[in-house]
Amino acid sequence: MLNRTTRPVAALLIACAGVLAAAGPVAAEPNPDVTVIAHRGSSGIAPENTRAAIAAAIKQRADFVEIDVQRSKDGHLVNFHDCTMERTTDVEQRFPGRPSYRVSDFTLAELEQLDAGSWFDASYAGEPIITVADVVSQVRGRTGLLAEISPCDHYDGIPEDLAAELSSTPGYLEEALADGQLGVQSFELDDAQRFHELLPEVPIGLLDAQRPTDAELVALSGWADQVNTESSVTDAALLARIHELGMANNVWTVNEPGRMRQLRDLGVDGIITDFPQSLTQR
């Protein structure tokens, strides 16, 4: 889940870490109420990170929509995954001969001219790239938001910009936190820590494609709320240790129903998936 854990509990668990490690891992409890997180929206049935994908996730009763936060050349935060736009837009046709097709090399007005839907299916022709503000407006009061700070290495200042963006819509931050409907995550340790410094009340998670060491987990438990691991490195022992240290785990990206059931029964807190309907419509 994305609910924030209390620091006193985490501190007590850290102090007892040696005893817990010596006793061996505690078996993770099955979690029948696993949080369902729609990866880039319901991206298995609609073009990722578009209004259509978010609308589908809401209709499918996903608990959260996961998005990717980048910044346009003129400073607007947009919802887009890849560092460059060739895979999911018509940018090469619309702007031929540009020296770079990075999101950050285009103004918002240019980005809004792109077709971000036809690559997926002709029925989605004309789906635009949308801003983070658009996403907030679409999910507010309907479902939760899990925002990933882009790991594209040419950016500076995204944590600051995202903190400002989330704080700029009157009432949204307070409402989302009260309802347990907001979280932020990043692959980049520095970005996650910086965001946490700016908005410590917002649950913060570190994404990890590798199995974290125990020392890394103990260090993270001093400030992070989640350790969000790739599914292939996630097992009962890792989950038990994450939970012992007062943190939660949202595992990614899981699309096979059998594996979803395995991970749910292992005790993961959340499952990030392209097909949220596999977990919500049963």
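Biologist: Which ring does the charged end of R87 sit over?
Modeller: The charged end of R87 sits over the ring of W119, 5.6 Å from the ring centre. For this term, NZ of Lys or CZ of Arg must be within 6 Å of the ring centre and within 35 degrees of the ring normal. Please note that this is a predicted model, in which local features need pLDDT of at least 70, side-chain atom pairs count only at pLDDT 80 or more, and totals for chains, interfaces and linings use all residues. Residues are numbered from 1 along each chain as its sequence is written, and side-chain values use heavy atoms, with hydrogens and water left out.

Biologist: And what does R98 lie over?
Modeller: R98 lies over the face of F95, at 5.3 Å from the ring centre.

Biologist: How are the rings of F95 and F106 arranged?
Modeller: Their centres are 5.4 Å apart and their planes are at 65 degrees, so the pair is edge-to-face. Rings of Phe, Tyr and Trp (its six-membered ring) pair if their centres lie within 6.5 Å; planes under 30 degrees apart count as stacked, over 60 as edge-to-face and the rest as tilted.

Biologist: Which rings form a cluster?
Modeller: Ring pairs link F95, Y101 and F106.

Biologist: A new topic: which residues does the disulfide join?
Modeller: The disulfide (a pair of cysteine sulfur atoms within 2.5 Å) joins C83 to C152, with 2.0 Å from S to S.

Biologist: Is C152 buried or exposed?
Modeller: C152 is buried, at 5% relative accessible area, whereas C83 is partly exposed at 33% relative accessibility. Buried means under 20% relative accessible area, exposed over 50%, and partly exposed in between (1.4 Å probe, protein chains only).
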